[in-house]
Amino acid sequence: MKLVLQDKNKYVVRANVGEEVMRELQEFCREQQIKAGKFFAIGASKELKLGWYDVDIKEYIWQEFPEKLEIVSLLGNIAWKGDEVIAHAHGSFSDQRMQVVGGHVARLVVGAACEIVLERFEGKIEKAHDQQTGLNIMQ
């Protein structure tokens, strides 16, 4: 991941071909000591894993897409759970027929480009396990 521009609390970064975006973004936030923030991105993927959360059974239903897809929109936030950075994102992705899939992003490998704008917030957002939903939610 390459830092392209920094303007006070805003960062423009590029994830390179073959990089796994969520992991690289978490590492970038750890290195920059970003404790809270939001991000959005566009680009293209070549491998993708999306989830849909079934609140009744408290489990994700996962689907993998080992194909080239446009990143129509990737939106997320940055928080921490203990000493672990959590990059939480949902995204929409389109194929060559312009059909769109979307959901919780577990894995996104860059296929051609991924341009990310990240904004740092003051303070720290903590997440913890919520018994009622089974999710890690902001405290």
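Visitor: Which residues form a nonpolar patch on the surface?

Guide: Patches are made of residues with over 30% relative accessible area and no salt bridge, nonpolar side chains (Val, Leu, Ile, Met, Phe, Trp, Tyr) being joined within 5 Å. Here Trp 52, Ile 57 and Ile 61 form one, with about 340 Å² of accessible area together, by the Shrake-Rupley method with a 1.4 Å probe. This is a predicted model, in which local features need pLDDT of at least 70 and side-chain atom pairs count only at pLDDT 80 or more. Residues are numbered from 1 along each chain, and side-chain values use heavy atoms, without hydrogens and water.

Visitor: Where is Ile 57, and is this residue buried, partly exposed or exposed?

Guide: Buried means under 20% relative accessible area, exposed over 50%, and partly exposed in between (1.4 Å probe, protein chains only). Ile 57 lies in the loop between strand 3 and strand 4 (59–65); strands are DSSP runs of E, at least two residues, numbered from the N terminus. Ile 57 counts as partly exposed because its relative accessibility is 49%.

Visitor: Which side chain of opposite charge is nearest to Asp 54?

Guide: A salt bridge needs a side-chain nitrogen of Lys or Arg within 4 Å of a carboxyl oxygen of Asp or Glu. Asp 54, in strand 3 (residues 37–54), is buried and has none; the nearest such side chain, Lys 58, is 10 Å away.

Visitor: What is Asp 54 in contact with, leaving aside neighbours within four places in sequence?

Guide: Contact means heavy atoms within 4.5 Å. With those neighbours left aside, Asp 54 touches Glu 59 and Ile 61; Ile 61 also belongs to the nonpolar patch.

Technical notes. Helix = DSSP H or I, 4+ residues; strand = E, 2+ residues; numbered from the N terminus. Lys, Arg positive; Asp, Glu negative; His and termini not counted. Patch = residues over 30% accessible without salt bridge, like charges linked within 9 Å, V, L, I, M, F, W, Y side chains within 5 Å.
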